[in-house]
Structures are given as structure tokens and as C-alpha cells.
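Good morning, everyone, and thank you for making time for this. Please have a look at the sequence and the structure on the screen, and then I will walk you through two parts of it.

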Amino acid sequence: MDERLVQLLHHRSHGLNRGDPISPPIHQTSAFYLPDDPKDGDYSYTREANPTWTAVEAQISILEAAPAIVFPSGMAAIAAILYTQLRPGDRLIMPSDGYYGVRAFAEQALRPIDIEVTYVPTPEFGNTHFDGARLVWIETPSNPGLDVCDIADVVARAKAAGAMVAADNTTLTPLLQQPLDMGVDAVAVSDTKAMSGHGDLLFGHAASRDKDIMAQVETWRRYAGAIPGPAEAALVYRGIETLEVRLQRMCANAMDIAHQLKNHIAVKSVRYPGLVDDPSHTLMKTQATAFGFIIGFTLASKAAAEAFIAASEVTCSATSFGSVHSSAERRARWGEDVAEGFIRLSVGCEPAGQLWDGIEAALKAV
């Protein structure tokens, strides 16, 4: 991965001519000059391609070690994979404890076109039979519960049953976990989160080493019009350049905060895969290079959780995660199957000591 990081920072400069901009320009245009045969040009119309996207796709492809296609959101990337790989009558197996937006999409968009959807808790994927499935969708660690499944094992058993596997890798990013290296057919990532890292845009990508899958996904993007803006693409490009240093700080902070929370009298329970007694610890250590920046912890009640969030001066009350700014959210308010006092804490880049001091002060309010 170190070699990929060097390439990430220098890949563009290798093709520059004297006087070219080092950072990719924002190509804020709907159309490109296109005389004669339209097939002779690389760019014609921004719904099909844009040079700013091309720069970001090249950048993400280095991290994924696979071709990547960018989208205006993580959900758009997920939709592209599911719509192109499933047909009426197919069976989809997906986590019951993963991101709720994907489950809502399955119910609202896939079931009505006669796609069978089966939900399985992430920890039970190891015991699930995949016979008859067309696609197995995994999210590990799951959001928000932080449970994991054995990616390589799921891939082996799914393919033996004739199914393909796709993974949502948003919570760790391709920097910390490489599902494609473990045999997954396609991945989707919400680059809205840690990849861009500043909470100021929506973006996503899909990646695969299967040429047919990528061709289908690219065609779907073109005709569905699920395209990102060039300004957003430029911001993502800039954000990814600092991904490693941000994640180092965020993961280190999360490890420190998780240990502190575990020993606090007001906290009933803590989920963080970096804790050695966490149910996800042993398996995640074998398939990821770090334990991430998300902590789940439970306070005594809904009122206690709301009081903590209101009192905290070092976390923002927000429904996203992965930013340089720490955020906290009571996930049960969205109907998630978690305790009323469960808080998803996305740990940011604040100085660790001051971050814990602020969290500890807010815990006094519960």
C-alpha cells in the first residue's frame, strides 16, 4: 500500500508538460468542442465523461488497484451495481444490519421488479447458504453496529453456489481494507465520507476488476445520468491526497476514545473493533490494516444520549460520518435496530486529549 500512496500523490505529474497545472483543473462545461467525427475525441458531453472525473477515477483506481467509476453519491454507486447485476427473478442476499438506505432501496426499487431480497445479520453470513442467490451484498464492518463477516469465506462459498459478491467498503475505505483483493467482484464506497473527508460534498465510486461489470456500470451511469459535478470531483481529488494522514489521526483517536469510554461509569457498552474483547476484533485484524474511526457506545436511555449530544462541544450532531470533525448521532431515531441510547461516534482529527476532555465533560450531563 505504501507504493500505492506514493503513486497516488505523483501519478498525475508523470504526464505533465511544462506549464501544465499540477492539480487537475475544474472542467466546468456541459459540452466540448467536437468537429468532424464525434468518435475521434475523448470528450464530447459531460454526461458521458469529463476530464475532472477522469483525474479522480485514476486516483481512486490506484487505491483500489482496479478500474473505478465515480458517481454523485455512494447510493448512486450502489444503485449502479445492483441495477446492472440483477434481473427480475434473481435473489439478493444482503445484511439486515447494514446501511439502512440500501435496505430501503431494495424494498422500494428492487422488490417491485420481482427481485427476491433476503436479509441476514452480518455475524451470521458465515452460516448462511447462498444456493439460489445471484448476488451476495456485504458491508463489513456494518454500519452502525460494527459487526464483521469473513470476506474471503463469504466469497468462496458464494462463488461455489454460483453467486457473485459485492461489498460496501465505506466504513474503512480501500486504504484500510481491500475487498477486491479477497475476491469480491465489485465494491461501492460513499466518498462523501472519509475519502473526501471534509463533509462538504456528496460523491461515490464503484470499482471492479471484471471488465464486463465495469462496462455495464459505466453504461448505466451514462444513460441514467447519475453523474457527479466537476467541482465536486476536484474537491474529492484534493481530499483523497490527505486520506492517509487523516485516517492515521482518526483511527488513533478512536482507539484512545474507545478505551476511555469503556471505563466510564455512564457508558453501558462500547463497540469498537480495536478493543481486544470486541466481537469483531479477531476477524477484522486478519482482513483490515486498521480498526477504523467509528465507535458505537450505549448510554442508559434515549434521554441520556440526547443529553450527551446536546452537551458535547467537541462533536457535531450530524447523520454522516468520516469528516475531520467528530460527529455523534443517536441512530435509533432513524429506526435502526439498536438500543435507544446507542450513539454512533465518528472520530475526527481533533487533538486526542482535548477531544476526550470534551466527551468526558458531555458525559457528565447524562
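Let me begin with a term: a crossover is called right-handed if, with the strands pointing away from the viewer, the path from the first strand over the helix to the second runs clockwise. In this model, which is a predicted one, strand β4, helix α5 (residues 151–160) and strand β5 form a β-α-β unit of that right-handed kind.

Let us stay with β4, which covers residues 135–139: five of its five residues are buried, so the strand is largely enclosed by the rest of the structure. Both of its faces are covered, with Leu 135, Trp 137 and Glu 139 buried on one side, and Val 136 and Ile 138 buried on the other.

Which strands does β4 pair with? It runs parallel to β2 (residues 91–95), to which two bridges join it, and there Leu 135 of β4 is the bridge partner of Leu 92. It also runs parallel to β5 (residues 164–168), this time joined by five bridges, and Trp 137 has Ala 166 in β5 as its bridge partner.

Now to the helices. The axes of α1 (residues 2–10) and α2 (residues 51–64) come within 9 Å and cross at roughly 175 degrees; because an angle over 145 degrees counts as roughly antiparallel, that is how these two helices, α1 and α2, lie to each other. Where they meet, Arg 4, Leu 5, Gln 7 and Leu 8 of α1 face Gln 59, Ile 62, Leu 63 and Glu 64 of α2, and by class this contact has four nonpolar, two polar and two charged residues.

Conventions: Residues numbered from 1 in each chain as written. Predicted model: local features only at pLDDT ≥ 70, side-chain atom pairs only at ≥ 80, totals over all residues. Heavy atoms only, no water. Buried < 20%, exposed > 50% of the residue type's maximum accessible area, 1.4 Å probe, protein only. Helix = DSSP H or I, 4+ residues; strand = E, 2+ residues; numbered from the N terminus. Pairing = 2+ DSSP bridges. Axes fitted to C-alpha atoms, helices over the stretch in contact; angles between N-to-C directions. Parallel < 35°, antiparallel > 145°, perpendicular 65-115°, else oblique. Contact = heavy atoms within 4.5 Å. Nonpolar A, V, L, I, M, F, W, Y, C, P; charged D, E, K, R; others polar.
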